[in-house]
Amino acid sequence: MTELKGPLHIDGRVEGIIDSEFDVSIGRTGQIKGLVKARSIVLSGVLDGKVACERLEILQTGKLIGEVISGEFTVETGGKFIGQSHEMTEGGMVVSLPETFAQLSQKKDKPSVLTEKKEEHKAEVE
């Protein structure tokens with residue numbers, strides 16, 4: 001595991017877990033499959049998996065397939081979101097993912113389940 005000490009921008013392919021206290025941006029050629037936890041995420045590429053952050057912005061060329069837990073969530077015209085979104089807790093803590101990212105990395109073959117949800121809705125935008 002590598003500890004991030006600043007913002008991260010991804011233009012290639014990443015499979016696995018990104019757990020950062022900083023901002024993460026995924027460029028047009030960026031593809032992530034896995035879990036991403038960050039302060040804010042700006043998506044221009046493709047993210048397939050679970051996301052937990054304070055702020056998520058899917059830009060015109062961005063596509064997210066999976067689950068989102070976020071305080072602020074915007075999808076720009078042309079951006080795509082297929083999956084479920086969950087509201088972050090009132091205290092701003094990202095606690096709704098069922099297990100810590102470290103636990104999930106050790107249990108890659110076991111599916112995870114959300115245990116705490118304040119509000120849930122399904123959305124499909126294409």
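Modeller: Two strands are said to pair if DSSP finds at least two bridges between them, and strands themselves (E, at least two residues), like helices (H or I, at least four), are DSSP runs numbered from the N terminus. This is a predicted model, in which local features need pLDDT of at least 70 and side-chain atom pairs count only at pLDDT 80 or more, while totals for chains, interfaces and linings use all residues. Residues are numbered from 1 along each chain as its sequence is written, and side-chain values use heavy atoms, with hydrogens and water left out.

Colleague: What makes β2 and β4 a pair, and in which sense do they run?

Modeller: The rule asks for at least two bridges, and β2 (13–19) has 7 of them with β4 (residues 31–43), in the parallel sense, so the two strands pair. Within this pairing V14 has I32 as its bridge partner. On the same rule β4 is also joined in parallel to β3 by 3 bridges, with I26 opposite L43, and to β5 (residues 46–58) by 12 bridges, where I41 stands opposite L56.

Colleague: Why is S20 called buried?

Modeller: Buried means under 20% relative accessible area, exposed over 50%, and partly exposed in between (1.4 Å probe, protein chains only); S20 has 7% and therefore counts as buried. S20 lies in the loop between β2 and β3, and, leaving aside residues up to four places away in sequence, touches L4, G6, K37, A38 and R39, where a contact means heavy atoms within 4.5 Å.

Colleague: How do you know that D23 and R39 form a salt bridge?

Modeller: The definition requires a side-chain nitrogen of Lys or Arg within 4 Å of a carboxyl oxygen of Asp or Glu, and because the closest N and O atoms of D23 and R39 are 3.0 Å apart, the pair qualifies. It links distant parts of the chain, with D23 in the loop between β2 and β3 and R39 in strand β4, 16 residues apart. D23, at 27% relative accessibility, is partly exposed, as is R39 at 40%.

Colleague: What makes E67 and K50 a salt bridge, and are these residues buried or exposed?

Modeller: Their N to O distance of 3.8 Å meets the rule. E67 counts as buried because its relative accessibility is 18%, and K50, with 12%, is buried too.
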